[in-house]
Amino acid sequence: MRKSFLSLLAFMLVTLPALSQTVVNDSVPSHKKVALVLSGGGALGAAHAGALKVIEEAGLPVDIVVGTSIGSIVGSMYSVGYNSSDIASMFRTTDWAEMFLDTENQRHLTLRERDDQNTYFYERDFYVRGGIDPQPGGVIRGTNIESTFAHYLQGYTDSINFLSDLPRKFACVATDLITDEAVVLTNGSLVKSIRSSMSIPGVFTPVRMGDKVLVDGGTKNNFPADVARELGADYVIGIWFDLGLDRRYRSLMDVLERSAGSDIDRRARDNDKYCDLLIRVPVKGYSSGSFSRGAIDSLIVRGERAAREKLDSILLLKSQAGALANVDYTMHLRDINNLLPPEDDHTGLIDSRQENTLSASVAFRYDLEDIAALQLKGLYFDGGRLNTELALTMRLGLRSMLRLALDIEPSPFKRMGLSYEIWHNLHQGIYSEGERLNYISYLYQRANVKLFSFDAMNFDCELGLGWEHYHLFKGKWNHGEMIDFDGNGYYFNYHVRLRYNNEDNYYFARRGVRAEARYDYFTDNFAKWKGHGGFSAVMAACQVTIPIARNTHLRPGVQGRLLFGDDLPTSVQNMAGGMTRGKFFPQQMPLAGFGHVEVFDSKFVGASLRLQQRVKGQHYVLLDGSVAEHNETMADLFKRKPIWGVQAAYYYNSRVLGPLGASLGWSSHTRKVYFFLSLGYDF
């Protein structure tokens, strides 16, 4: 008898949760239909998560969710089975700045494409020779938004019916630019639907669905309580945001916000009549762009507080709807912390280029050496059998540059090509032990024949033939003597270059290795140099990122450049200093503690160590140390006293403009403190 009782008890423990889940999923007619309406408002949508927490605690069943813009994002997540805690976590952990950009996943890019992505802050695609504009009517394509929510909405990324194929019925509102009317989306791609519902006109590229061109639904119906009634809701509970504008319009922002949103606000107030319960969340002091962690936390709290003030009304509505007191209606079917990897989470290159397209890119930076610099790049890809690319790059500043390159790709990721570039450096300083020897102005030309190159995952190699030419315009010692800088020198080179990089971030890596090696053989007639054998240059560099704690990383590195041969021209001598490789001279090596370019002997090796501390958000503190040896022969390389340098820096990693920061350094070689301000991506 006791054994039978235990068996019955075990059966009940197993089946009762399943029965409870069935009650929720099948929405048996034990209660009337309750709809939740979520208004749009960008970052203000974090308040929805706080309000949902109170609704869940009250045990109010939600059968239908309708949302616009950010409300459609929250609503879609709630409809597939996330709870308020998951949605709050999504708001807190999402890198909103990156999501609103069109940066590609580095795992799917070649190293050449990564270089471009970490140089240019904006890229725009255009159609050429007919066809459909690949990026019509918007500054941002929205690719990161789609990939992010395809990850969160796993299992519901195919074409589905939102009213029958989701645990909760769902609908979102967009605006059709063709008809200038609101469109209620209840089927198709869930990801595309929420992407269209939040596509701010002129900012995001509109979403094409059949004969519709869709943008943000907030322009027509930012609080779609009427839609909830049309979908059969017996009771409607709405959440929208009270901006708390001063009715006397004391500030300019009061006037602008009121004038820009008057029609939207009027339509929202007209829809109040469809609500049985309205939760107004006071959000004064915040805006649709308040995506900082502090603002998100505050908005979540405000949403919870506003809903808790309505708790008695929520409980009354629950009773009126006939909800069962002992049934859990939260429907927590998935956990954001236990998501599977993204459906496209694979390593490998993806060729996303479209035939007959032109992409235009813009880069800008400011520092105390270059002052201001602007770089523009246009790249035309015609596709075809050889996958031909034509690129034109122009740089304006103290270092002006023009580069033209033609590449063909006869097989995937294998290239051949030609390039020519010309640089004009104006008043470039050359230093020795911290003392400026001279300012030089020179013209530098370089032509390259890419005999073969191959881009694999995280790796590329190139075999080629090059020509280089320096023409010196000015070059005087401080005492008025002419500097020996090969006033009109040229040479040919045969070269091979290898690169490997699997870092997760170009500037502030948290894992990975970056390595490069290059060998050059120089001549003046393809065979000899000044009547004897040519001279060689061997360069190698490697940096590793080692995690110490969640926000603390060590980045040790080594580098070196060795020259072999006689009658070496000054223009190829080893030069080191600054923070960027190849900034003023192709062979320039970065060296912590050295604020200016220094000339070193023909054999140079160095080591570095960086402590990288992420302070908060995208704020970083960097501590760098370097040590180096140089001499004219390998035998004497380590016989001198080593030179060393230290450097401290602060940077803010702006996802739009690039790293913004300043550094302070000192070296035993220069015995001088230097200050350096750097704003923007390196190029």
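Which residues does isoleucine 87 touch, not counting residues up to four places away in sequence?

## Isoleucine 87 and its surroundings

The residues that isoleucine 87 touches, with those up to four places away in sequence left out, are Ala49, Leu52, Val74, Met77, Tyr78 and Tyr82. This description rests on a predicted model. Isoleucine 87 belongs to helix H4, which covers residues 84-93. Because its relative accessibility is 0%, isoleucine 87 counts as buried.

One of the residues touched by isoleucine 87 is Met77. Methionine 77 and isoleucine 87 are 10 residues apart along the chain, and their C-alpha atoms are separated by 7.3 Å.

## The chain as a whole

The protein chain contains 12 helices and 33 strands. It has 683 residues, of which 48% count as buried.

In soluble globular proteins, nonpolar side chains tend to be buried together. The largest nonpolar core of this model has 65 residues, and the members that touch the most other members are Ile87, Met90 and Phe149. Helix H2, residues 46-58, gives the most to this core, with 8 residues. There is also a second, separate core of 18 residues, which includes Tyr470, Phe535, Phe584 and Phe585.

What is methionine 90 in contact with, once its neighbours within four places in sequence are left aside? The residues in question are Ile73, Met77, Trp96, Phe149, Tyr152 and Ile336.

## Packing of helices H3 and H8

Two packed helices are described by the angle between their axes and the distance between the axes. Helix H3 (residues 70-80) packs with helix H8 (residues 190-197) at an angle of about 155 degrees, and their axes are 9 Å apart. Because angles over 145 degrees count as roughly antiparallel, H3 is roughly antiparallel to H8.

On the side of H3, the contact is made by Ser72, Ile73, Ser76 and Val80, while H8 contributes Leu190, Ile194 and Ser197. Sorted by class, the contact of H3 with H8 has 4 nonpolar and 3 polar residues, and no charged residues.

## Asparagine 271, a polar residue in a loop

Asparagine 271 is located in the loop between helix H10 (252-270) and strand S13 (277-282). Is this residue buried or exposed? Asparagine 271 counts as buried, because its relative accessibility is 3% and the cut-off for a buried residue is under 20%.

The side chain of asparagine 271 makes a polar contact with the side chain of aspartate 226, at 3.3 Å. Apart from its neighbours within four places in sequence, asparagine 271 is in contact with Asn221, Phe223, Pro224, Ala225 and Asp226.

## Two residues with positive phi

Most residues other than glycine have a negative phi. Phenylalanine 526, however, has a positive phi, near 75 degrees. This residue is placed in the loop between strand S22 (512-523) and strand S23 (528-529). With a relative accessible area of 42%, phenylalanine 526 is partly exposed.

Lysine 530 also has a positive phi, with a value near 55 degrees. Lysine 530 occurs in the loop between S23 and strand S24 (532-533).

Notes
Residues numbered from 1 in each chain as written. Predicted model: local features only at pLDDT ≥ 70, side-chain atom pairs only at ≥ 80, totals over all residues. Heavy atoms only, no water. Axes fitted to C-alpha atoms, helices over the stretch in contact; angles between N-to-C directions. Helix = DSSP H or I, 4+ residues; strand = E, 2+ residues; numbered from the N terminus. Parallel < 35°, antiparallel > 145°, perpendicular 65-115°, else oblique. Contact = heavy atoms within 4.5 Å. Nonpolar A, V, L, I, M, F, W, Y, C, P; charged D, E, K, R; others polar. Buried < 20%, exposed > 50% of the residue type's maximum accessible area, 1.4 Å probe, protein only. Polar contact = N/O pair within 3.5 Å; in protein donor to acceptor, adjacent residues only side chain to side chain. Core = buried A, V, L, I, M, F, W, Y, C linked by side-chain atoms within 4.5 Å.
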